[in-house]
Structures are given as structure tokens and as C-alpha cells.
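Reader: I would like to learn how to read helix packing and local backbone features in a model. Please take them one at a time.

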Amino acid sequence: MKLRHSQARSDDADFQAIYDRYSREVWAVVYARWLQSDAAVDIMQETFLRYWKHCRSRAEPIREPRPWLLRVARNLAEDYRKNAFQRNGTWEPHEFNGIAGKSPQPIDSMEQQEAFARIREVVASLPAADREILTLRYAMDYEVPQIAEVLDLSIAAVHMRLSRARQKAAETLQAEGLTKVP
Amino acid sequence: MSTLDRTTPPDERIDQHLRVFFRAAVPAVWPGCPQSTDPPAQPKFWSAAVRRRCALAASIVLLFLAQMWLGTTFVGGERSSVSPNSPTEAHRRARPHRPVGRINNPPLNLDDRRAPVYFPDDRRP
């Protein structure tokens, strides 16, 4: 009985460690798909819930959690748009940004929203793989070797995609005259 | 809010734009590790299952023994408690049991009305 209790505690500790280690990467991958932070949090938690259930079941143990988590998260992110609420349409999340009242001044909020909307358009026009790289680079502050490890890519490939994404973003933002950082 | 200098290299400016954009999306409070709300699973011991099966087997054996004991003490069976030399037993042996009932009184066949009526003395009307 003690053995089982200690086993359960060990499982909880392992799960906590895996969550602490990979949850931000999972969030980044999901966020890169739809550029919606709250939805990415929900999907990230759903991914870890499935991981927990898988570990509790008698299924084959997961030897490499990171690829498993990222694969499930990508699948869940793809399914996200298929549910009825999303399909029938609602306002985009940035439409709700002003409602929360967290912005200091309306004029600043408006400028920030405009700038974010332009950047969002640029980022959304990039391929999904490039968006994942950008999210890990700028939201998580990952270096190129770390990004290559997470996404199972070569360092050269990450460098190339990152450079291409930044180039495209630079061209678009400069063409629109966006020089202020929001 | 900060304004970049016009002399800032474009690469750094783009980096700043992207960094601010993506940092704004990161949740301010990172959600904690989801905790399981399921009650801890009760460990199942094989001894409990064995104990239940032993109890079932013992109850069946007791029931069987009780039935055997009741069979030996039944009034119509062997009278083990009665001495063979007792007067009651001697009387029973002297007058052996003669079966009565169905042999001397055959059942009436009510379904067959035309069946012959039994007359003990063979006297027909």
C-alpha cells in the first residue's frame, strides 16, 4: 500500500515536472496556429489533461513527452475551429481587448491595437511552421538551437525560416510606415 | 510605450515590434499545473478477494453439513437416537409398516368419464 502511495506521489511529481518544462512550448505551438492567447491556454491544458489520462490508463507509456504533447496540441488546435461556437463566428479576440479596461489610455490603446492588428496580419500571413518559430523566439525568448530542438528541425532551417519571417515582416511594416513600437 | 529612434537598425526595430507583439500574448499569470480531482484509487488486495471466496466456500460447506444433520434426525428416516432394544422399536419391528393410500385407493380419473368404476367386491349394478 505504501508502495502504491509512493508511486502515486511519484507520478504526480513527474507530471508536475513535465508540465513545468513543456507547458510554455505547448502554448507557443498552439498560439502560433490561431494567434489567440486564451484559446491557446485552454488547448494547452486540454493537452496535458490528455497526457495525464494516458499516463493513468494502462496504455503504452510515453517515452518522449515533448513530441507527444506537441503532436496532440497541434491536432487539438486544428480541431479548435471545427467546434460550433468558432464556426458560427464571433468577434476576434483583439476586438475584446478594449473591453477589459486594462489599457492605460484610450488613445494609447487605439494605437497599440492598430499596431498589433498590422503585426497580426503580417504574422498570420506566414506559414504555420514559421509562426511557431517566431512565437518560440519572441514570446518564449528561445535561442535558435533551443527552437531547433523543440521543433525537431536543423539549426540552419530555423535560421533560414526566422530570417525569412523577419524579412517579410520588415517589408510589410515598413511599407505601412509602422516605426513606433507599441 | 517607447518610440524607436530613426537611426535604429531595421532589424532591431522589427525585433522590437515582434517581441512586444508576442510578449503581449503571453498570459500574465501562467496557469498552474492541473490537479486531479479524482479521489485516490483504493488499492485492491488479493487477500480481500481470497477472503470473500473462503467465506463463500465455508458457508456452502456449513449449509451442506446442516442439511446432512437434519437428514439424519428426520422423523421418517433412520432413528439413530432410538435404541434398537427399546419397546417402541420392538413394536415397530413386530408390525412392519404397511403402505396405505395409493395402492389400495387408486386415483380417480376425472378426465375420463367413461372409465370403468372400480368396485372392491366386483359387484356391478
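This is a predicted model: local features need pLDDT of at least 70, side-chain atom pairs count only at pLDDT 80 or more; totals for chains, interfaces and linings use all residues.

Reader: How does one describe two packed helices?

Author: Two packed helices are described by the angle between their axes and by the distance between those axes. Take helix α2 (residues 37-56) of chain A and helix α3 (residues 65-80) of chain A: their axes come within 9 Å and cross at roughly 130°. That angle makes α2(A) oblique to α3(A). The crossing in which α2(A) passes α3(A) is right-handed.

Reader: Which residues of α2(A) and α3(A) meet?

Author: From α2(A) come Ala39(A), Ile43(A), Glu46(A), Thr47(A), Phe48(A), Arg50(A), Tyr51(A) and His54(A). Their partners in α3(A) are Pro65(A), Trp68(A), Leu69(A), Val72(A), Ala73(A), Leu76(A), Ala77(A) and Tyr80(A). Sorted by class, the contact of α2(A) with α3(A) has 12 nonpolar, two polar and two charged residues.

Reader: At what angle do the axes of α6(A) and α7(A) cross?

Author: The axes of helix α6 (residues 128-139) of chain A and α7(A) cross at roughly 130° and come within 10 Å. On that basis α6(A) is oblique to α7(A). Their crossing is right-handed.

Reader: What does each helix, α6(A) and α7(A), bring to the contact?

Author: In α6(A), the residues are Glu132(A), Ile133(A), Leu136(A) and Arg137(A). In α7(A), they are Ile147(A), Val150(A) and Leu151(A). The contact of α6(A) with α7(A) divides into five nonpolar, no polar and two charged residues.

Reader: Which residues of helix α7 of chain A are buried?

Author: Helix α7 (residues 144-151) of chain A has Val144(A), Ile147(A), Ala148(A), Val150(A) and Leu151(A) as its buried residues. Seen down the axis of α7(A), these buried residues fall within an arc of 165°, so they line one face of the helix.

Reader: What comes just after α7(A)?

Author: Just after α7(A), Asp152(A) takes a positive phi of about 55°. Asp152(A) has this phi although it is not a glycine. The residue lies in the loop between α7 and α8 of chain A.

Reader: Is Asp152(A) buried or exposed?

Author: Asp152(A) has 69% relative accessibility, and because exposed means over 50%, Asp152(A) counts as exposed.

Reader: Where is Leu35(A) placed, and what is its phi?

Author: Leu35(A) sits in the loop between α1 (2-34) and α2 of chain A. Leu35(A) is not a glycine, but its phi is positive, at about 55°. The relative accessibility of Leu35(A) is 5%, and it therefore counts as buried.

Reader: How should I read the accessibility of Thr172(A)?

Author: A value between the two cut-offs, 20% and 50%, is called partly exposed. Thr172(A), at 27% relative accessibility, counts as partly exposed. Thr172(A) is found in helix α8 (residues 155-175) of chain A.

Reader: How far apart are Thr172(A) and Glu121(A) in sequence and in space?

Author: Thr172(A) and Glu121(A) are 51 residues apart in sequence. In space the separation is 9.5 Å, C-alpha to C-alpha.

Reader: What is the secondary structure of chain B?

Author: Chain B has three helices and one strand. Along the sequence of chain B the pattern is β-α-α-α.

Reader: How much of chain B counts as buried?

Author: Chain B has 125 residues, of which 14% count as buried.

Definitions and conventions
Residues are numbered from 1 along each chain as its sequence is written. Chains are lettered from A and ligands numbered from 1 in the order in which they are written. Side-chain values use heavy atoms; hydrogens and water are left out. Axes are lines fitted to C-alpha atoms, for helices over the stretch in contact, and angles run from 0 to 180 degrees between N-to-C directions. Helices (H or I, at least four residues) and strands (E, at least two) are DSSP runs, numbered from the N terminus. Angles under 35 degrees count as roughly parallel, over 145 as roughly antiparallel, 65 to 115 as roughly perpendicular and the rest as oblique. A crossing is left-handed if the near helix is turned anticlockwise from the far one by less than a right angle, and right-handed if clockwise. Contact means heavy atoms within 4.5 Å. Ala, Val, Leu, Ile, Met, Phe, Trp, Tyr, Cys and Pro count as nonpolar, Asp, Glu, Lys and Arg as charged, and the others, Gly among them, as polar. Buried means under 20% relative accessible area, exposed over 50%, partly exposed in between (1.4 Å probe, protein chains only). The arc is that of the directions from the helix axis to the C-beta atoms.
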